[in-house]
Amino acid sequence: MPILEVEHIRKYFEHTEVLKDISFSLEQGQVVSIIGSSGSGKTTLLRCLNFLERPDQGTIRVNGETLFDADDPATWQESQIRKKRLHFGLVFQSFNLFPQYTALQNVMLAEELLAREQADYKTNRKHIHAQIKTHAEELLRQMGLHDRMANYPHQLSGGQCQRVAIARALALQPDILCFDEPTSALDPELTGEVLKVMKELAKQNTTMVIVTHEMAFAKDVANHVIFMDDGHILEQGDPLEVFEHPKEERTRQFLSRYTQG
């Protein structure tokens, strides 16, 4: 059974349809790269998966559980949105770190907020806090930031900030890790360090959905590639097949621009 099933998702902003009947599935441990021109709907799709936007039609299931069904108002309840978001970790383009917190505190924050809702939090606060801190420290070590835990975002490079953001997204152990153009805000020399971390996560069978303009990364690391154009999934399949033998003229045009550029 797929870990993620997206079926017939449509999304409108006023009278403009930005997602047009989007359907795809994802197996445990797979990496899906979503490519396409600016304005094709890639980021809106990620925001729908993370419930930052509500689809107007369609269903989203994780591990067979229906998280969203446009025909079932019970799945729209705001009180359930935060719980549903726990299935997805999201790494934004622009880091979105809290400037008043250190790298370690940024990674700990979501887990601490969730822990405060536990019945035994007040009586076991010190123990719970220590566990959360140990987990966050391990994630930052995994990101190669063992010596930057006490630094604030303004004391970190863009690549380091993005690695903190990845650690933060992993902190709640989501089923699926989503990336929205994770290298677009980075200088070229810093892009490689973030892509290296993502490649390591792929080797560890982390399930990922990645919106990216890094074509070499999409071709080499992804198990499945989706090409979006004007709100549609125009083509999808094995990376080598899509990149080497695209079936659609729009796909060929898009890939040709990147090859020439």
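Asp 230 is partly exposed, because its relative accessible area is 47% (buried means under 20%, exposed over 50% and partly exposed in between, with a 1.4 Å probe and protein chains only). The residue belongs to a predicted model, in which local features need pLDDT of at least 70, side-chain atom pairs count only at pLDDT 80 or more, and totals for chains, interfaces and linings use all residues. Residues are numbered from 1 along each chain as its sequence is written, and side-chain values use heavy atoms, with hydrogens and water left out.

Asp 230 is placed in the loop between strand 9 and strand 10 (232-237); helices (H or I, at least four residues) and strands (E, at least two) are DSSP runs numbered from the N terminus. Its phi is near 50°, a positive value in a residue other than glycine. Glu 181 also has a positive phi, near 45°, and is likewise a residue other than glycine. Glu 181 lies in the loop between strand 7 and helix 6 (188-203), and its relative accessibility of 12% makes it buried.

## Pro 174

Pro 174 is found in the loop that runs between helix 5 (158-170) and strand 7 (176-180). With a relative accessible area of 18%, Pro 174 is buried.

In sequence, 86 residues separate Pro 174 from Phe 88, yet their C-alpha atoms are 5.1 Å apart in space. When neighbours within four places in sequence are left aside, Pro 174 is in contact (heavy atoms within 4.5 Å) with Leu 86, His 87, Phe 88, Gly 89 and Ala 169.

## Aromatic and charged groups

A pair of aromatic rings is described by the distance of the centres and the angle of the planes. The structure contains three aromatic pairs, where rings of Phe, Tyr and Trp (its six-membered ring) pair if their centres lie within 6.5 Å, and planes under 30 degrees apart count as stacked, over 60 as edge-to-face and the rest as tilted. The pair of Phe 227 and Phe 254 is tilted, because the ring centres are 5.2 Å apart and the planes stand at 40°. This pair links distant parts of the chain, with Phe 227 in strand 9 (residues 224-229) and Phe 254 in helix 9 (residues 249-260), 27 residues apart. Phe 227 is buried at a relative accessible area of 1%, and Phe 254 is buried at 2% relative accessibility.

The charged end of Arg 54 sits over the ring of Trp 76, at 4.3 Å from the ring centre (NZ of Lys or CZ of Arg within 6 Å of the ring centre and within 35 degrees of the ring normal).

## Packing of helix 3

Helix 3 (residues 103-115) packs against helix 4 (residues 125-142) at an angle of about 140°, with the axes 9 Å apart; axes are lines fitted to C-alpha atoms, for helices over the stretch in contact, and angles run from 0 to 180 degrees between N-to-C directions. Helix 3 is therefore oblique to helix 4 (angles under 35 degrees count as roughly parallel, over 145 as roughly antiparallel, 65 to 115 as roughly perpendicular and the rest as oblique). Residues that make the contact include Leu 104, Val 107 and Met 108 of helix 3, and Ile 128, Ile 132 and Leu 139 of helix 4.

Helix 3 also packs with helix 5, at an angle of about 25° and with the axes 8 Å apart, so these two helices are roughly parallel to each other. Ala 103, Asn 106 and Val 107 of helix 3 meet Val 164, Ala 167 and Arg 168 of helix 5.
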